[in-house]
Amino acid sequence: MLAPGMVFDPTDEELVSNFLIEKASGASEGELSDFIKYIALYQHAPSQLRSLAQDSGHEKWYFFTHLEKKYQQGRNINRQVPGGYWQKTCPPSLIKDKAGNTIAKKTSLTYYKKDRTSAQPEKTKWLMKEYMLENQPPNIPNDKESEMLTLCYIYRSKHHRRTTNRRRNSDVNN
């Protein structure tokens, strides 16, 4: 729990170096390491996650989770959740440490709500940043468990980009 008035807002490099690597190596201890909870993130709709997270002092909720592959031998990640799915919005970006070495990749995702009655999924304001270690540091066991460990934060966008009919119609007419 943070002291009143404090905000938890680390950089990408700090999240990976101070939290993800520590958690993957089993060395995470102390008050701040308990701040980011481990949950089965993909078993929850985004609206449920706020109640499972510590208060960061702003509208971001941090979690550790393990990714699951869609198919045992495949490379695709299963990001289905009850009522929808998380979809990548762009290629992953690389996170570098202070020495310039690549330590992780960050993936941006958007949540799409899908109900049984609608054929078309609905894009929501829920966004996620997902951090995964790029190369296993020497002090981390090289196994499937640590390999699929990620650190994520979830937040709601204040801006919601939508394609409007007016824009679509003007594109067709031009």
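Lys69 touches Gly74, Asn76, Ile77, Asn78 and Met148, leaving aside residues up to four places away in sequence. Keep in mind that this is a predicted model. Lys69 sits in the loop between β2 (60-66) and β3 (80-81). Is Lys69 buried, partly exposed or exposed? Lys69 has a relative accessible area of 36%, and because that falls between the 20% and 50% cut-offs, the residue counts as partly exposed.

Now for the aromatics. How many aromatic pairs does a search of the whole structure find? The search turns up nine. A pair of aromatic rings is described by the distance of the centres and the angle of the planes. Here are two of the pairs, with those values side by side.

| Pair | Centre to centre | Angle between planes | Geometry |
|---|---|---|---|
| Phe8 and Tyr62 | 4.9 Å | 85° | edge-to-face |
| Trp61 and Trp126 | 5.9 Å | 50° | tilted |

Take Phe8 and Tyr62: their planes stand at 85°, which is over the 60 degrees needed, so the pair is edge-to-face. This pair links distant parts of the chain, with Phe8 in the segment before α1 (12-25) and Tyr62 in strand β2, 54 residues apart. Phe8 is buried, and Tyr62 is too.

Stepping back to the whole chain, you'll find five helices and eight strands. Along the sequence they come in the pattern α-α-β-α-β-β-β-β-β-β-α-β-α. The chain has 174 residues, and 37% of them count as buried. What about contacts between residues at least 6 apart in sequence? Of those, 63% join residues at least 24 apart. As for the surface, the chain exposes about 11,300 Å², with carbon and sulfur atoms supplying 46% of that area.

How values were computed
Residues numbered from 1 in each chain as written. Predicted model: local features only at pLDDT ≥ 70, side-chain atom pairs only at ≥ 80, totals over all residues. Heavy atoms only, no water. Helix = DSSP H or I, 4+ residues; strand = E, 2+ residues; numbered from the N terminus. Buried < 20%, exposed > 50% of the residue type's maximum accessible area, 1.4 Å probe, protein only. Contact = heavy atoms within 4.5 Å. Phe/Tyr/Trp six-rings, centres within 6.5 Å; stacked < 30°, edge-to-face > 60°. Areas by Shrake-Rupley, 256 points an atom, 1.4 Å probe, with all protein chains shown as cover.
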